[in-house]
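Okay, everyone, thanks for coming. Have a look at this one with me, and I'll talk you through a few side chains.

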Amino acid sequence: MSGGDRHYYFGSGDHVTLHGGSGNVGIDKRVTPAPETPPALQEALRELLVLVQELRAQVPQAGAAALDDSLPALRAEANVPQQERHRALYAVAGVAGTLGALGVPIVEAVNKVLGLLGGQ
């Protein structure tokens, strides 16, 4: 640092550098829009959601709760970090995997989405 510059780090991920001692009047918080979800991924997520919603009524309450917790991150329009979407996909695959043949279409749909995300 030079000339009295001060650096501040905030929990939100912001990094602010103040130059000099006065005249600092605000923070320019430009927000980069989230990248648009590719059409193939949107369609795969929609297909997965339909399957999950059909399966939900056929699983025990704990499994249904896990599916419910995962649904928001699986919506094509959801602006969620990729790590959160992956977590939701693995949770859904885990529930589906306990159902034998009944869960196979969901596991396949999850694998398709993961492939489109580059996470497989």
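**One leucine and some charged pairs**

So, L102 first: leaving out residues up to four places away in sequence, L102 touches L55 and Q58. Bear in mind that this is a predicted model. L102 sits in the loop between α3 (82-97) and α4 (104-117). L102 and L55 are 47 residues apart in sequence, yet their C-alphas are 8.3 Å apart in space. Is L102 buried, exposed or in between? Partly exposed, because its relative accessibility comes out at 45%.

Now the charges. Opposite charges on side chains can pair when the charged atoms come close. How many salt bridges do we get here? Three.

Let's start with R46 and E43, where the closest N and O atoms are 3.8 Å apart. These two are three residues apart in helix α1 (residues 39-56), so about one helical turn separates them. R46 is partly exposed at 42%, and E43 is partly exposed at 39%.

Next up, E47 and K112, with a salt bridge at 3.5 Å, N to O. E47 is in helix α1 and K112 in helix α4, so this pair ties together parts that are 65 residues apart in sequence. E47 has 34% relative accessibility and K112 has 43%.

Last pair: D68 and R56 meet at 2.6 Å, N to O. That one links distant parts of the chain, with D68 in helix α2 (residues 61-74) and R56 in helix α1, 12 residues apart. D68 is partly exposed at 30%, and R56 is partly exposed at 34%.

Okay, over to you.

Key
Residues are numbered from 1 along each chain as its sequence is written. This is a predicted model: local features need pLDDT of at least 70, side-chain atom pairs count only at pLDDT 80 or more; totals for chains, interfaces and linings use all residues. Side-chain values use heavy atoms; hydrogens and water are left out. Helices (H or I, at least four residues) and strands (E, at least two) are DSSP runs, numbered from the N terminus. Buried means under 20% relative accessible area, exposed over 50%, partly exposed in between (1.4 Å probe, protein chains only). Contact means heavy atoms within 4.5 Å. A salt bridge is a side-chain nitrogen of Lys or Arg within 4 Å of a carboxyl oxygen of Asp or Glu.
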